[in-house]
Amino acid sequence: MTAFGKLIRTTAFRLTLVYLLLFALFAASLLGYFAWNTRRLITEQISTTVTSEISEMTDIFSRWGLRGIVGAIESRALRPGANLYLITTPTGQAIAGNVGSLAPGVMGSSGWSETFYRRLDDTSEQNHRALVYVTQLSSGFRLLIGRDLEERRRLFGIVAKAAQWSVLVVVVLGIGGGIFVSRRVLVRIDAMTGTTRRIMDGDLSGRLPVGRSGDELDRLAENLNAMLERIEALMTGLKEVSDNIAHDLKTPLTRLRNRAEEALAKSRSEDEYRAALERTIEESDGLIRTFNALLMIARAESGQARGDMVEFDAAEVAGGIHELYEPLAEDNEMALRVKAAAAPVHGSRELISQALANLVENAIKYGKPAALPLDSAAAAASREILIEARREGGQVLLSVTDHGEGIPEAERKHAVERFVRLEASRTLPGSGLGLSLASAVATLHGGELRLGDAKPGLIATLVLPAGAGLPAKLAAPTQDVPQKAA
């Protein structure tokens with residue numbers, strides 16, 4: 001397709017033509033109304049003048065008779081101008097005036113009419129047009145007084161020519177402006193099209209050009225760029241998940257196969273077979289937990305959980321998690337404490353509970369101090385894990401604080417990625433998905449996961465937008481039973 005063909009097919013050019021047609025019709029209508037109104041005003045002025053002269057001549061005839069009116073007509077007929085005078089006998093013979101010839105039948109009917117005429121002193125063969133009024137005097141005499149319409153015709157011609165030129169200028173400028181605007185829009189659309197083609201070819205880093213005008217195309221480009229950034233992040237995350245699954249799940253699957261093969265090769269008694277099956281089931285449960293965590297992260301990142309969001313109290317979630325994990329903390333020689341105030345949140349109770357549970361599990365697993373203080377009180381405090389729920393302004397903070405080794409500031413951003421396990425945690429069981437899930441849940445709710453320094457230890461905080469307020473009557477809270485995804 002040629003460049004001109006692309007140009008005239010653009011929406012901007014077609015809209016320009018539509019607006020041009022509407023504006024041209026409006027301009028033509030406006031000028032036509034002006035011309036018609038001008039013609040009407042001139043005709044009214046002529047009619048007023050002729051009516052006044054008819055009244056004056058009739059009065060002269062009634063006072064001075066035929067001789068008086070003939071004298072008045074001969075006197076006025078000699079004046080220069082466009083006025084017309086004629087008086088005839090009952091048989092139609094001209095007595096006085098400046099009219100040489102009229103269209104047939106004009107003198108035979110009284111009243112107003114437009115007619116062709118020729119003056120007595122006009123040597124040309126051209127007929128002129130006039131507005132005349134014919135009245136019948138006593139004794140059958142007829143009087144015609146009128147005025148030439150050349151001025152009206154000339155003025156109407158000037159207006160008509162101005163209208164033609166105006167419409168022509170409007171059309172030329174409209175088409176030129178349409179081509180200019182369409183070319184600008186087409187250049188920007190072509191740039192967007194080129195970017196989208198590069199993206200379809202696999203270059204997800206491409207972005208649509210954004211100008212400085214801030215018009216609708218710039219706003220569209222900004223929104224599309226934000227969407228492309230999100231798609232790129234999701235595709236990068238998908239690639240990382242695929243790579244991580246290929247590497248991190250290969251070891252437990254290999255271990256599961258080796259144990260089953262070892263049981264078949266070496267086990268001789270029923271107890272040995274039972275022990276091998278139990279170890280196999282334990283490995284399988286770990287794999288299932290990993291896949292469940294991946295599915296939950298995918299559910300949070302895709303926004304599918306937004307339909308399950310309700311208003312609830314984050315303090316109740318903190319209390320439920322404390323009650324659920326307190327025995328596990330005691331088994332690991334840790335103390336779990338909760339400090340919660342009313343904090344309304346609008347969100348998915350299931351996902352927020354799971355995210356907080358992951359933070360608590362990480363604190364129990366990795367929050368043991370490297371060396372216990374000699375003071376028993378200090379030693380007890382160093383083994384304490386604090387779950388806190390509070391509201392600060394328009395935010396709700398759900399935090400878990402431990403006094404372990406913590407996470408260095410340089411590694412905190414890396415720690416929330418999938419399957420990432422820092423060196424200090426390699427000797428403990430886990431899949432490296434706990435912080436990833438917590439971060440995805442916070443992002444789903446329009447918040448974030450913050451990792452801070454407890455000096456010593458780690459403060460992991462879910463920052464969530466506060467809800468509008470708790471309902472007057474809340475349904476009985478359900479027990480928060482999260483899955484293991486640490």
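Reader: Which residues in helix 8 meet helix 11?

Author: This is a predicted model. On the helix 8 side they are Leu351, Ile352, Gln354, Ala355, Asn358, Leu359 and Asn362. They meet Gly434, Leu435, Leu437, Ala438, Val441 and Leu444 in helix 11.

Reader: How many of the residues in that contact are nonpolar, polar or charged?

Author: The contact of helix 8 with helix 11 has 9 nonpolar residues and 4 polar ones. No charged residue takes part.

Reader: What's the packing angle, and how far apart are the axes?

Author: About 145°, with the axes of helix 8 and helix 11 9 Å apart. Helix 8 covers residues 349-366, and helix 11 covers residues 434-444.

Reader: Left-handed or right-handed crossing?

Author: Left-handed, for helix 8 passing helix 11.

Reader: And helix 7 against helix 8? What angle there?

Author: About 35°, with axes 10 Å apart. Helix 7 spans residues 314-331. The crossing of helix 7 and helix 8 is right-handed.

Reader: Which residues make the contact?

Author: From helix 7, Glu316, Val317, Ala318, Ile321, Tyr325, Leu328 and Ala329. From helix 8, Arg349, Ser353, Leu356, Ala357, Val360, Glu361 and Ile364. The contact of helix 7 with helix 8 divides into 10 nonpolar, 1 polar and 3 charged residues.

Reader: Step back. How many helices and strands in the chain?

Author: There are 11 helices and 13 strands. The chain has 486 residues, and 38% of them are buried.

Reader: What share of the contacts joins residues at least 24 apart?

Author: It is 64%, counted among contacts between residues at least 6 apart in sequence.

Reader: Helix 3 next. How many residues, and what reach?

Author: Helix 3 runs over residues 150-200, which is 51 residues. From first C-alpha to last, helix 3 reaches 72 Å. That is close to the 75 Å expected at 1.5 Å a residue.

Reader: Which residues of helix 3 are buried?

Author: Arg152, Val159, Ala163, Val170, Gly174, Gly178, Ser182, Leu186, Met192, Thr195 and Ile199.

Reader: What comes just after helix 3?

Author: Gly202, with a positive phi of about 115°.

Reader: Is Leu228 buried or exposed, and why?

Author: Leu228 counts as buried because its relative accessibility is 13%, and the cut-off for buried is under 20%. Leu228 sits in helix 4, residues 216-248.

Reader: What does Leu228 touch?

Author: Setting aside residues up to four places away in sequence, Leu228 touches Ile199, Gly206 and Arg207. Ile199 is also one of the buried residues of helix 3. Leu228 and Gly206 are 22 residues apart along the chain, and their C-alpha atoms are separated by 8.3 Å.

Reader: Where does Arg119 lie?

Author: In strand 4, residues 111-119. Arg119 counts as buried, at 16% relative accessibility.

Reader: What is Arg119 in contact with?

Author: Gly81, Ala82, Asn83, Leu84, Asn98 and Gly100, leaving aside neighbours within four places in sequence.

Reader: Salt bridges. How many in the whole structure?

Author: The search finds 15. Side chains of opposite charge can pair when their charged atoms come close. One of the pairs is Glu44 with Arg40, at 2.8 Å, N to O.

Reader: How far apart are Glu44 and Arg40 along helix 2?

Author: They are 4 residues apart in helix 2, residues 11-77, so about one helical turn separates them. An α-helix has 3.6 residues a turn, so residues three or four places apart point the same way.

Reader: Which residue pairs with Glu388?

Author: Arg390, at 3.4 Å, N to O. Glu388 is buried, with a relative accessible area of 15%. Arg390 counts as partly exposed at 27%.

Reader: And what about Glu448?

Author: Glu448 meets Arg450 in a salt bridge of 2.8 Å, N to O. Glu448 is partly exposed at 37%. Arg450 is partly exposed at 39%.

Reader: Which residues do shared partners join into one network?

Author: Glu53, Glu56 and Arg76.

Key: Residues numbered from 1 in each chain as written. Predicted model: local features only at pLDDT ≥ 70, side-chain atom pairs only at ≥ 80, totals over all residues. Heavy atoms only, no water. Axes fitted to C-alpha atoms, helices over the stretch in contact; angles between N-to-C directions. Helix = DSSP H or I, 4+ residues; strand = E, 2+ residues; numbered from the N terminus. Left-handed = near helix turned anticlockwise from the far one by under 90°. Contact = heavy atoms within 4.5 Å. Nonpolar A, V, L, I, M, F, W, Y, C, P; charged D, E, K, R; others polar. Buried < 20%, exposed > 50% of the residue type's maximum accessible area, 1.4 Å probe, protein only. Expected span 1.5 Å × (residues − 1). Salt bridge = Lys/Arg side-chain N within 4 Å of Asp/Glu carboxyl O.
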